[in-house]
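Notes follow in the order I looked things up.

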Amino acid sequence: MKPPPFGYAAPCTLEETLGLLAELGHDAKVLAGGQSLIPLLSMRLTAPHTLVDINRIPGLGGISITPKGSVVVGALVRHAELLADESAHSANPLLRRATSQVAHPAIRNRGTTCGSVAHADPSGEMTAILAITGGSVRVASAGGGQRDVSATDFFLGPLESSLRPDELAVSVRFGAPAARTGSAFLELARRRGDYAMCGAAVTVTLDEDGAVSDVRAAYLSVGPVPEVHDLSAAVTGQPYASADWVAAGALAASLVDPEGDLHASADYRRRLVAVLTERALAQAAADAVARTQEAASCL
Amino acid sequence: MTTKLFGEPIVRREDARLIVGRGRYLDDIGHFALGVAFVRSPHANARIIDIDVSGAVDIDGVHAIYTYEDLDGPMAQPLPVLIPHPDLTAPRTGYALANGSVSHVGEPIVMVVADDRYLAEDAAERIAVEYEFRTPVVGVEAAERAEHAVHEDIPDNVAARLVQEFGNVGAALRDAPHTVSFTQTIERSASMPLEGKGVHARWDAVDESLRVYSSTQTSTSVRAAIAIKLDLSVDRVEVIAPDVGGGFGVKIVHPWPEELLVPWAAIRLGREVKWAEDRREHFISSAHERGQLQRITAGYDDEGRLLALDAHILHDHGAYTPYGIVVPIITSTQLLGPYRLANYRCQVDSMYTNTVIVTPYRGAGRPQGCFAMERTMDRIADELGLDRAKVREINLIRADEFPWDHHLMFQDGRPLIYDSGDYPSMLTKLRELVGWEDFEARRAAAAARGRWLGIGMALYVEGTGVGPYEGGHVQVLPSGKVLVSTGLTSQGQGHETAFAQVVAQELGVPIEDIEVHTGDTRRFAYAVGTFASRAAVMSGNAVALAAQAVRAKALRIAAEVLEVDVADLDIVDGVVGVRGDPGAVLPLASIAVLSNPLRYAFDEASKAATQFARFASDEQPPVADDDEPGLEGRDYYSPVRSTFASGAHAVIVEVDPGTCAVTIEKYAVVHDCGRLINPRIVEGQIHGGVAQGVGGALYEVMAYDDMGQLQNASFMDFLMPYVSEVPQRIDIGHQETPSPLNPLGIKGAGEAGVIPGSAAIAAALEDALGIRITQMPLGPSQLFDLIRAAGDGHADHTFNHARRSQEESA
């Protein structure tokens with residue numbers, strides 16, 4: 001379990017990095033936190049010609065909140081930094097709820113949120129969060145400047161994104177929650193911090209009368225990409241306190257098509273989709289009420 | 001007071017060093033040694049047609065590539081069958097490098113030695129091996145069907161057929177008022193030390209001597225094996241076990257192929273050579289354990305008395321039998337547990353399969369035996385509608401019935417005789433500790449919040465401290481430092497602390513003055529090894545005896561110098577004093593000086609022992625005929641047979657009906673290992689054992705597919721529990737029934753914690769779900785399948801209702 005030979009480049013500017021990526025194409029692999037890449041190298045499951053270490057590039061760190069309330073996370077922001085960030089938390093509490101479930105502290109201290117999204121692992125927490133928040137990835141390339149790719153267009157399959165070899169993901173943007181919207185994140189792993197057998201990120205939006213108006217859910221480890229499912233049909237118009245979350249969970253279970261693996265059969269995963277959805281939605285509805293009251297008291 | 005150390009929960013002396021990174025593990029040694037990688041078989045059962053190394057030989061930095069063809073003399077012979085047994089009728093072992101065929105994925109075929117491990121792996125990738133594929137045998141049922149053979153000359157795949165028997169089971173089952181039969185399985189797991197195996201070897205061509213560091217549980221025996229296999233005189237070989245990063249049994253097996261090949265290559269190349277196993281290698285080429293299928297029939301009376309037990313066990317032995325049939329022997333003898341039984345038959349068929357070899361892993365066959373007996377007790381209780389604790393109670397050997405002779409032969413070739421214990425008291429303590437009587441209220445409260453709660457218990461007896469012997473050496477240096485050495489090795493159990501406590505107590509010295517060394521053939525050449533919960537019993541008693549010899553000599557010399565009677569002397573805090581005369585004292589350091597008559601003095605202290613300073617009799621030689629220079633003692637402890645520790649675990653589990661996730665709500669342990677040297681260390685051993693028991697019960701499987709490929713050979717998919725998965729609190733009650741077999745009255749404690757885990761947790765899950773549990777481990781996905789298969793009835797807690805209603809009516 002030692003990596004095969006590889007070249008190593010540590011560019012100091014974004015321009016230099018993009019030049020290298022353009023030049024090396026498929027032979028290059030970007031190294032940020034390395035929490036997925038280094039084990040893959042050690043197991044000789046990947047053999048890139050050159051690792052392009054982006055850790056020295058200025059301007060790729062930092063978390064900012066846009067005027068509309070989106071949270072923009074730079075490529076070198078570690079999970080731990082996002083987890084601890086109060087401005088991000090108050091802009092979108094779902095981020096902390098999910099980030100706290102990413103692996104273990106040692107991995108969160110090193111692994112980057114942007115790298116986790118770029119890795120496009122459907123078992124990753126942050127891929128699902130990007131999807132459900134309607135977020136996007138900002139990618140840069142030597143010739144093409146910068147462009148934003150929506151989550152829907154970014155994730156193509158397991159470990160497969162639309163990021164081209166000459167492109168670098170420089171930041172990810174998690175969309176702002178709508179008004180009167182609460183969120184919740186639940187996952188179940190065999191061991192705490194492992195890849196989840198199933199995870200659910202959900203949002204519940206209430207109308208001005210406290211009735212459910214919109215319900216969405218995105219899942220981990222359930223499909224090839226983090227799809228967002230609209231579960232509103234099961235509960236729209238119902239008062240939040242007595243909404244039929246069980247029906248919403250059942251609807252979700254009917255919409256997904258999970259696969260089985262060593263740790264969880266497909267049927268069991270579908271059961272988890274139903275149960276976690278039901279429980280998460282109840283939490284999210286309570287969160288929506290709390291946030292609505294909070295917003296009202298600020299006026 | 002130095003005399004109160006034995007039995008005190010002092011902090012482990014080695015921990016500070018190990019925790020802050022000052023440990024010296026195998027891979028910390030020899031940074032400039034050549035590195036080794038192996039080409040290992042990717043197939044479970046194949047003939048080797050051709051090995052083409054041409055793509056690798058010219059790589060810069062590659063020093064040697066070896067195959068079986070390069071091995072010579074004893075190295076070309078099969079690896080030894082370490083523990084022969086008359087019932088092991090078809091033993092098979094592999095070769096250091098595969099000789100024409102492979103029998104499991106991971107078997108070493110080619111050894112590459114290069115400047116470093118990275119290069120060695122690069123070269124290994126370029127070696128092409130051509131195979132003729134054969135159908136692998138995976139699982140004991142496939143082995144029993146024998147449609148294919150693991151070894152062509154053993155068509156039935158049976159390595160050994162072991163029968164343990166007393167009474168007349170057939171007649172007793174016929175006559176029994178009730179019988180119950182069932183089949184159950186227990187999965188494979190493995191020792192999984194955090195540091196894998198590893199070997200470093202250095203050949204001194206001038207001295208013609210070999211020094212080998214091995215991450216082993218037996219340095220003396222590795223030394224003997226290397227000497228024989230490499231055709232060296234044993235005095236030319238020294239083997240040292242450095243800090244060993246966990247053993248749990250897998251490192252008692254020896255010589256591993258690498259333990260021979262690394263020193264063999266070091267001699268041939270005249271270079272330091274090192275191999276440190278990586279995790280994937282550990283999964284596919286070390287050893288596993290536990291896998292058994294058990295077919296059990298029990299006969300019992302109306303009150304739940306077990307009258308006869310017939311067990312037919314298929315034991316998955318993997319591809320080879322280098323460690324003999326120790327695990328089957330232990331399962332078939334320790335299955336009896338703390339119970340009286342008049343009629344018993346246990347047949348263990350040890351089956352070859354095309355999987356990694358099976359050798360002892362902490363517990364060593366006992367968890368399976370406990371699973372068989374304890375689940376039988378649960379079945380009897382269920383069938384009769386009786387309380388599970390009461391059924392156990394009525395079957396227990398009573399406290400006044402020791403020694404209890406089962407009339408079987410144990411794993412040490414000696415009679416299975418329980419030396420001491422008090423099982424009824426243990427069970428009473430356990431019921432109190434776990435809240436057995438109050439459980440139904442707790443269950444109801446959990447049900448009210450939508451959770452299923454269940455409780456289970458399991459009892460065991462563990463034969464510990466097997467012979468044949470261990471030795472100890474204690475030496476007081478003129479500086480006052482006390483060196484203690486024993487030949488068996490340490491892998492983190494706290495030997496540096498426990499043995500120091502024993503010596504401090506016996507000799508009367510401060511523990512700070514004591515330095516303990518283990519597992520180094522330069523310091524102590526006679527030893528057996530660390531396994532079978534034997535270190536405290538064997539080396540503990542040996543160092544106690546050696547310390548007593550030193551104490552006797554010190555007192556004799558002090559009596560001469562102080563001109564008093566030995567009976568008036570005592571040793572406190574390293575100083576010999578005369579009772580009733582506070583002024584007359586002599587430090588042990590001074591006695592150490594005087595014990596060694598000198599011609600030359602190098603410091604002030606040693607002047608006292610030179611020839612013109614001593615006022616000895618002109619008629620006596622400086623060293624008397626029956627004496628030796630130096631204040632030191634050496635002694636050995638060799639027990640007549642094993643001593644039997646015991647324990648009882650109870651567990652409360654909570655199941656989430658939605659996700660089928662299992663949480664351990666309470667874990668209670670009553671433990672009896674005779675006199676305790678250090679309760680803190682014993683509790684630590686229990687904690688670790690319980691963690692591994694929970695792993696075996698809820699998490700760990702070796703996921704072989706039909707082709708014999710291990711699908712979860714990494715810590716990502718092999719679910720060794722984290723600290724977050726094991727009980728946050730373990731309630732422990734100690735009970736001490738001293739062993740009459742050894743001077744210190746102690747019994748082993750190393751393996752105990754792991755033994756009843758699967759049995760107790762299976763019982764608790766069964767109680768929670770109302771579904772019969774016949775396989776372990778179980779994860780939530782399997783529980784979901786079981787619950788679904790059982791239909792809606794399971795939530796009625798069928799068994800519990802039957803049990804409770806019958807109790808109420810009784």
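How many helices and strands does chain B have? I get 21 helices and 29 strands, counted as DSSP runs (H or I of at least four residues for helices, E of at least two for strands) numbered from the N terminus.

Bookkeeping: this is a predicted model, where local features need pLDDT of at least 70, side-chain atom pairs count only at pLDDT 80 or more, and totals for chains, interfaces and linings use all residues. Residues are numbered from 1 along each chain as its sequence is written, with chains lettered from A and ligands numbered from 1 in the order in which they are written.

Overall dimensions next. The C-alpha trace of chain B spans about 95 × 75 × 50 Å along its principal axes. I checked burial too: 56% of the 810 residues in chain B are buried (20 or more other C-beta atoms within 10 Å of the residue's own, with C-beta atoms placed from the backbone).

Then I went to helix α9 of chain B, residues 326-334. Nine of its nine residues are buried, so α9 is largely enclosed by the rest of the structure. Among them are B:Pro328, B:Thr331 and B:Gln334.

Last, a sheet. I traced an open one of four strands in chain B, ordered β18-β26-β27-β28 with mixed pairing (strands pair if DSSP finds at least two bridges between them). β18 (452-464) and β28 (731-734) of chain B are at the edges with a single partner strand each, so one side of each has no neighbour in the sheet. β18(B) pairs with β26(B) (residues 643-655) in the antiparallel sense over 13 bridges, and B:Met457 sits opposite B:Ala650 in β26(B).

Technical notes:
A residue is buried if 20 or more other C-beta atoms lie within 10 Å of its own, exposed if 12 or fewer, and partly exposed in between; C-beta atoms are placed from the backbone.
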